[in-house]
Amino acid sequence: MYDIVIVGAGTAGLTAAIYARRAAKKVLVLEAKSYGGQIINTPDIENYPAFDHISGFDFATKLYKQAESLGAEIEFEKVESIEDNGDEKKVKTDENTYTCKTVILANGSENRKLGLSNEEELVGRGVSYCATCDGAFYKGKIVAVNGGGNTALEDALYLSGIVKKVYLIHRRDEFRGHETVVDELGKRDNVEFVLNSTITKLNADKKLESVEVMDNDGNKREIAVDGLFVAIGRVPENENFAKLINLDDKGYIVAGEDCHTNVPGIFVAGDSRTKDVRQLVTAASDGAVAAEEAVKFINEKRG
Ligand code: NAP
C-alpha cells in the first residue's frame, strides 16, 4: 500500500512528491498526460524566486527529475475515480487500482475553449492552445492570440519573435496580465492590439483562413490569419471526484490554505483548488503544504 498517491505531475504534484519522499513516505504520482502541467508550455518564466529566466520545459524537467531521483514512483495513467474507505483509499486509473493511506489531488486544469462550432476540427489546422508547441509552424506568417492574461501576453511576445505579425485580441481594453509584458508588446512593430473584441467566427476551408471579431459596439471585422492561439484561461477538471469531494460552483475543489478537502486523508494542491492566486510559486507552495499535511495525517494514525 502507498502512503500517498498524488494525482498530477505538475508543479504542485511534483513538489508534493519531493516533500513526501523527504519524509520517507512511499509515494506514487499518477499523470494522465505528460509531466509538467501548465507551466511546461510557458516560453520564459521570469517570476520564480531565484530564476531570472528559465523555460517552462526546463523548469518542469528539473522538477520531474528531482522527484524521481528522490524515489517517487511516477506512472502515466489517467485517474478515473477515488474510493474512500476511511484508512484505506482506492485510486482507480484506466489501467490499475492502487490502495493508499492518503491522496493529494494536484490535477490542475485544462485550456478553456472558445466554444465555436468548428473550433475542435481546426485544432492542428490553424487553431492551437500552445504557442511554444506550435509557434514554429507559423514562421513568417500572420497569427492571432486571444486572451488578456499572462499566458496570452507571453504567447504574443514569444510569437512576435517568430512570425510576421501578431494580432492580440482581448475582450476588454485593459489586460489582466503583467504590465511589463504589455509595455514590451507595445514596443514591438509587429504586434497589433485588437481590444474590446471577441472572436465570433472561425473562417476556414481546409484550414483556418481568418477570424471574425466583434467589438463591444457590435461592429464586426474579419482578420486574415494563418493561425490562432487561444489563451483565454483554464477550467478545472474535477468531475471525476465530484461525488466524493466538495466542489465550488465553478468546479474547483473547496479547500483553504491547509489544502484539506472535506474528506479526511484527501488533500488538494495547486490550480484545482479554490484560491485567489494561481501562480507557479503558489502551486509549489501548495505541494509542500499538502504533503506535510498528508504526512501528519499518516503519522497521527500510526500513533
Ligand atoms: P487568466 O489569467 O484567467 O486570463 C484569461 C484571459 O482570457 C482573461 O484576460 C480573460 O478576460 C480572457 N477570457 C476568459 N474567458 C474568455 C472568453 N470566453 N472569451 C474571450 N476571452 C476570455 O488565464 P491565463 O492567462 O491562462 O493564466 C492562468 C494563471 O496562470 C494566472 O494566474 C496567470 O497569472 C498565471 N500565469 C503566470 C505566468 C507567469 O507568471 N509567468 C505565465 C502564465 C500564466 P478578462 O480579463 O476580461 O477576464
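Residues are numbered from 1 along each chain as its sequence is written, and side-chain values use heavy atoms, with hydrogens and water left out. Since the model is predicted, local features need pLDDT of at least 70 and side-chain atom pairs count only at pLDDT 80 or more, while totals for chains, interfaces and linings use all residues.

To start with the inside, the largest nonpolar core has 38 residues. A core here is a set of buried Ala, Val, Leu, Ile, Met, Phe, Trp, Tyr and Cys residues joined through side-chain atoms within 4.5 Å; buried means under 20% relative accessible area, exposed over 50%, and partly exposed in between (1.4 Å probe, protein chains only). Ile4, Ile6, Val29, Phe59 and Ile104 have the most contacts inside this core. At least two residues each come from β1 (2-7), α1 (11-22), β2 (27-30), α2 (56-69) and α6 (280-302), and α6 gives the most, with 9 residues. (Helices, H or I of at least four residues, and strands, E of at least two, are DSSP runs numbered from the N terminus.) Leaving aside neighbours within four places in sequence, Ile4 is in contact (heavy atoms within 4.5 Å) with residues including Ala20, Val27, Leu28, Ile104 and Ile298. A second, separate core has 19 residues, among them Tyr2, Val91, Ile245 and Val263.

On to the cysteines. Counting pairs of sulfur atoms within 2.5 Å as disulfides, the structure has 1. The bond runs from Cys130 to Cys133, S to S 2.0 Å, and is right-handed, with 75° about the S-S bond. Cys130 is buried at 8% relative accessibility, whereas Cys133 is partly exposed at 44%.

Rings of Phe, Tyr and Trp (its six-membered ring) pair if their centres lie within 6.5 Å; planes under 30 degrees apart count as stacked, over 60 as edge-to-face and the rest as tilted. Tyr48 and Phe51 make a tilted pair, 6.2 Å centre to centre with 45° between the planes. Phe175 and Phe193 pair edge-to-face at 5.2 Å and 70°. Ring pairs also link Tyr48, Phe51 and Phe59 into a cluster.
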